[in-house]
Amino acid sequence: MTRECILMMADDDVDDREFVREAFDRSGFRGEFRYVEDGGALVEYLKRAKEKPRDLDCPMPDLILLDLNMPRVNGYEALKLIKSDDGLRRIPIVVLSTSESESDIQKTYDHGVNSFITKPSGFEDLVEMAGRLKKYWLELVKLPSTPPH
């Protein structure tokens, strides 16, 4: 990683956010981990980051981890809003959910998700998953460095 990567997690469960953050730390992630508690807060954050790209308090994330079942604005609605916005659609989004439902998987891919992962139940499995996500999305994949204008 040539610069500090920013990982954004949208999940209303405090324990899940903390476990995922710890798993990324254990996997060697040395970037900045940010979180919001629902899809509405995620969309608001991203719109602010898009409108003020030099705002150090609100940098654009390199990867979004998205839960589906959240209050106010759920993950499906947030995904649809983000992927329909030309200035945000290129940000990779990985759904990280307890769901294994085929309809959830299909619906998220229909809305443009980049990956769908069922949350591992054990911490060591979560660390392994975090390491693989970090390696793939933040080290191997080449993504555009700036959103389209």
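In the predicted model, F19, V20, E22, A23, F24 and R26 of helix α1 contact F123, E124, L126, V127, A130, L133 and K134 of helix α5, contact being defined as heavy atoms within 4.5 Å. Helices (H or I, at least four residues) and strands (E, at least two) are DSSP runs, numbered from the N terminus. By class, the contact comprises 9 nonpolar, no polar and 4 charged residues; Ala, Val, Leu, Ile, Met, Phe, Trp, Tyr, Cys and Pro count as nonpolar, Asp, Glu, Lys and Arg as charged, and the others, Gly among them, as polar. The axes of α1 (residues 14-26) and α5 (residues 123-140) lie 8 Å apart at an angle of about 65°. Axes are lines fitted to C-alpha atoms, for helices over the stretch in contact, and angles run from 0 to 180 degrees between N-to-C directions.

Local features require pLDDT of at least 70 and side-chain atom pairs pLDDT 80 or more, whereas totals for chains, interfaces and linings use all residues. Residues are numbered from 1 along each chain as its sequence is written, and side-chain values use heavy atoms, with hydrogens and water left out.

An open sheet is formed by 5 strands in the order β2-β1-β3-β4-β5, with parallel pairing; two strands pair if DSSP finds at least two bridges between them. The twist averages 20° from one strand to the next. Helix α1 packs on this sheet, touching β1, β2, β3 (63-66) and β4, and its direction makes about 165° with that of β2. Strands β4 (residues 93-97) and β5 pair over 4 bridges, and V95 has F116 of β5 as its bridge partner.
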